Amino acid sequence: MSTAIINIGDSHNGNQAGTPIVGDAIIANDGIIAWIGPSSDVHPDEHDIVIDARGITAVPGFIDSHFHSTFGDYTPRQQTVGFIESYLHGGTTRTISASEVHVPGRPRDVIGVKALAIAAERSFRDYRPGGVTVHAGSVVLEPGLTAEDFRELREAGVWLAKAGFGAFASPRDYVPVVQAARQAGLVVMFHSGGGSIPGSQEKISVDVLLEANPNVAGHINGGPTALSAEENSRIVSDGTDIALQLVQAGNLRSAIHIAELALKADAFPRVMIATDTPTGTGVIPLGMLRSMAELVSLGPLTPRQAIASSTGNVADVYGLSAGRLAVGAPADILLLDAPLGSTQPDALTALEFGDIPAVAAAITQGELRFTKSRNTPPAKRPVKARINRVLQQ
Ligand SMILES: [Zn+2]
C-alpha cells in the first residue's frame with residue numbers, strides 16, 4: 001500500500017519549532033513515511049492513492065494523551081457509540097488511555113486492576129476504530145500493587161499507569177506506588193487538582209505531585225477543578241521534568257496561566273495538549289483543535305507551538321515514534337486548512353484568530369481515511385484524491 005501526498009503548502013514536522021518539511025510531497029509505504037521531497041519527483045502511477053493537497057498545510061496527526069477508552073468504540077460515560085472514529089474527524093489519530101476507569105463495575109482489587117489493564121491493552125493492539133491507534137490499558141494504582149505486579153504487567157505489554165482513583169487513605173500513600181510503577185518502566189500519569197467524579201477522593205495537591213514525581217501531571221489545569229495560581233508556579237518551576245498536560249475539559253484560565261509560566265521557564269517541551277474526554281464534560285471530537293485555538297488566540301502559544309504540544313511533545317513524553325512528519329515515522333498525517341467562510345487564509349492563521357481549522361484529510365497508517373471531515377467545517381481548498389487501485393481493506 002503506497003500513498004503519495006503532493007502539492008503540500010505549509011507544514012509542521014512535529015518538532016518544538018514546528019519546522020516545515022524539506023519538500024512539498026510525502027510518500028507513505030505500508031504505514032510508514034518512506035520519503036519526503038519535491039512533488040516533481042513523484043510519479044502518480046506508482047502509488048495506490050495520490051492526494052493533491054492543493055497548497056494547504058500538512059501536520060502530524062494529533063495524539064490525545066488523556067483519553068478515556070473502555071472496550072470497543074463505545075463510551076459508557078456518555079453512552080456514545082463510534083466516538084473514537086468521530087475524534088479522527090477532529091484530527092486525533094492516536095489516543096493514550098488515562099485508565100479504563102469508566103468501565104462499569106470496574107474491579108478495584110489487585111488482580112482485578114491488573115486483568116483489566118491487560119485485557120484493555122490487548123483489545124486494542126490490532127483494533128483501530130476508524131483507523132485511530134488506541135494505546136489502551138492503563139493500570140489504576142490501588143493499594144497492594146507491588147514492584148512484582150508492575151514487572152508482570154510490563155511483561156504482559158502494559159506500559160501505562162494512572163494514579164488518582166485508588167482506595168488509598170491519603171494522597172501521600174500514592175508516592176511509593178507511583179515510584180514502583182515508574183521503576184518497572186511504566187509511564188505514570190497522576191491526577192491533579194480536585195476530584196473529578198463522585199466518590200473520588202480529596203484534592204491532589206502540588207506537594208503530593210512533586211513528591212511522587214510522575215511522568216505526567218494529568219489535567220494540570222484542572223480535571224475539571226484547578227490548582228491555585230501559586231501551585232501552578234510551583235509545578236512549572238519545581239516540577240523538574242513532569243509533563244504539564246493541559247486539557248480541554250479543564251479550567252481554561254489555568255491552562256493559559258500554566259502555558260505562560262512554562263514558556264517563561266523555558267519548559268515548553270513539557271507542555272502537552274489533551275482533551276480528558278469522554279468525561280462528564282462530554283464527548284468532544286474537536287477537543288484537540290478547540291484547545292489549540294484557545295491557547296493560541298487567548299493564550300501565549302504560537303500556532304506552531306500548539307501543534308507541537310499536540311504531536312511531537314506528546315510523543316517525546318511517552319516515547320512514541322509517532323507525532324512527526326519524518327522518514328521512518330508512522331504515516332499519521334493531517335491536511336488542514338482555514339475553514340470555509342473564515343476571514344483567515346490558512347490553518348495556522350485560523351488558530352491565531354480562534355477559528356477551528358478544517359481537517360481536509362486524515363491519513364492514518366498510510367491509508368486515506370477521509371477527504372472531508374464530518375465534524376469540522378469544510379476546507380477553503382478541498383483536497384483531491386486519485387485512487388489508482390481498488391482498495392482491499
Ligand atoms: Zn481523566
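Student: How many salt bridges does the structure hold?
Tutor: Keep in mind that this is a predicted model. Side chains of opposite charge can pair when their charged atoms come close. One group, Lys114, Asp149 and Glu152, is linked in a network of salt bridges. For the whole structure, the count of salt bridges is 17.

Student: Okay, so which residue forms a salt bridge with Asp10?
Tutor: Asp10 sits in the loop between strand 1 (2–6) and strand 2 (25–29), and its partner is 294 residues apart from it, in helix 9 (residues 303–310). Asp10 counts as partly exposed at 29% relative accessibility. The closest N and O atoms of the pair are 2.7 Å apart, and the partner is Arg304.

Student: What separates Arg151 and Glu148 along helix 3?
Tutor: These two form a salt bridge, with 2.6 Å between the closest N and O atoms. Both are partly exposed: Arg151 has a relative accessible area of 39%, and Glu148 is at 44%. Because they are three residues apart in helix 3 (residues 147–156), the separation is about one helical turn.

Student: Is Glu294 buried or exposed?
Tutor: Glu294 forms a salt bridge with Arg290, the closest N and O atoms being 3.8 Å apart. Arg290 is partly exposed, at 36%. Buried means under 20% relative accessible area. Glu294 has 18%, so the word for it is buried.

Student: Moving on to the zinc ion, which residues are its protein donors?
Tutor: Look for the spacing H-x1-H-x207-D in the sequence. The donor atoms lie 2.1 to 2.3 Å from the zinc ion, and they belong to His66 (NE2), His68 (NE2) and Asp276 (OD).

Student: Which strands stand at the edges of the six-stranded open sheet?
Tutor: The strand order is 11-12-13-14-15-16, with parallel pairing.

Student: What stands opposite Leu160 in strand 13?
Tutor: Strand 12 (residues 160–163) and strand 13 (residues 187–190) run parallel, joined by four bridges. Across from Leu160 you'll find Val187.

Student: How many residues apart in sequence are the parts tied together by Tyr174 and Phe190?
Tutor: This aromatic pair is edge-to-face, 5.1 Å centre to centre with 65 degrees between the planes. Both Tyr174 and Phe190 are buried. Tyr174 lies in helix 4 (residues 174–183) and Phe190 in strand 13, so the pair ties together parts whose separation in sequence is 16 residues.

Methods: Residues numbered from 1 in each chain as written. Predicted model: local features only at pLDDT ≥ 70, side-chain atom pairs only at ≥ 80, totals over all residues. Heavy atoms only, no water. Donors = N, O, S within 2.8 Å, 3.2 Å for Na, K, Ca; no water. Pairing = 2+ DSSP bridges. Helix = DSSP H or I, 4+ residues; strand = E, 2+ residues; numbered from the N terminus. Phe/Tyr/Trp six-rings, centres within 6.5 Å; stacked < 30°, edge-to-face > 60°. Buried < 20%, exposed > 50% of the residue type's maximum accessible area, 1.4 Å probe, protein only. Salt bridge = Lys/Arg side-chain N within 4 Å of Asp/Glu carboxyl O.
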